[in-house]
Amino acid sequence: MTRRCFRIFALVPVVITLGCNVATATVAIPDPVVDAPLAAAKGEQIAVLAGGCFWGIEAVFEHVKGVIDAESGYAGGSAGTANYETVSGGRTGHAESVRIKYDPSQISYGQLLKVFFSVAHDPTQLNRQGPDTGTQYRSAIFCSNEEQKRIARAYIDQLDKAKVFERPIVTAVGIGSPFYLAEAYHQDYVVHHPNEPYIVMHDLPKVANLRKDFPSLYRPR
């Protein structure tokens, strides 16, 4: 299903201009002052992040060293409404989200958030990302525990106080929201549809920026 691609064709050339700017503009941000130390032993932890269309967020984190897997899905609403067609209506409470399984001995939660805030999405856009609008495209962090919540809130405060972005960060931080896996056709969507106009304009540049801005974290697939 390529609803977004049809939307882009309908808005040419305006969305091409705005979309390219959104996808290619990155912000250099500092490391988080508050972060979890790297674990002494190999393990697996979960981070759930939302920042617009889940295709691009998933694609970015699939290329981050220390990430074991990234899966597209929904968080913020109930199990009964966790399907693409219903979530797309914007009234379910869900946000298109990505569940990131990572090894805390290789990458910290704060470093994942650094990638999230810098190249994966624009955290100053309220209920939208680029051409996609609605609460289902909001910027949000769904924390697994109090430590993640503490790190996320401290990092947002740090970035806002430093005025890293021209506008305040609007990313919502919460805890305890279940994650529901999205339909199979959404998984690895960028890998399977690299030539779709939406992917070319909005998602592939994010992966390119990860490789350019975070060479020590980038890994090819």
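Guide: W55 and Y189 are both buried; buried means under 20% relative accessible area, exposed over 50%, and partly exposed in between, with a 1.4 Å probe and protein chains only. For W55 the relative accessible area is 2%. This is a predicted model: local features need pLDDT of at least 70, side-chain atom pairs count only at pLDDT 80 or more, and totals for chains, interfaces and linings use all residues. Residues are numbered from 1 along each chain as its sequence is written, and side-chain values use heavy atoms, with hydrogens and water left out.

Now the rings. Rings of Phe, Tyr and Trp (its six-membered ring) pair if their centres lie within 6.5 Å; planes under 30 degrees apart count as stacked, over 60 as edge-to-face and the rest as tilted. The count is 6 aromatic pairs. One of them, W55 with Y189, is stacked, at 3.8 Å centre to centre and 5° between the planes. W55 sits in helix α3 (residues 54-62) and Y189 in helix α7 (residues 189-192), so this pair ties together parts 134 residues apart in sequence. Helices (H or I, at least four residues) and strands (E, at least two) are DSSP runs, numbered from the N terminus.

W55 has another partner, Y198. Their ring centres are 5.8 Å apart and their planes meet at 85°, so the pair is edge-to-face. It links W55 in helix α3 to Y198 in helix α8 (residues 197-213), 143 residues away. Y198 is buried as well, at 3% relative accessibility.

Elsewhere, F54, Y74 and Y84 form one aromatic cluster. The protein chain has 8 helices and 8 strands. Of its 221 residues, 50% count as buried.
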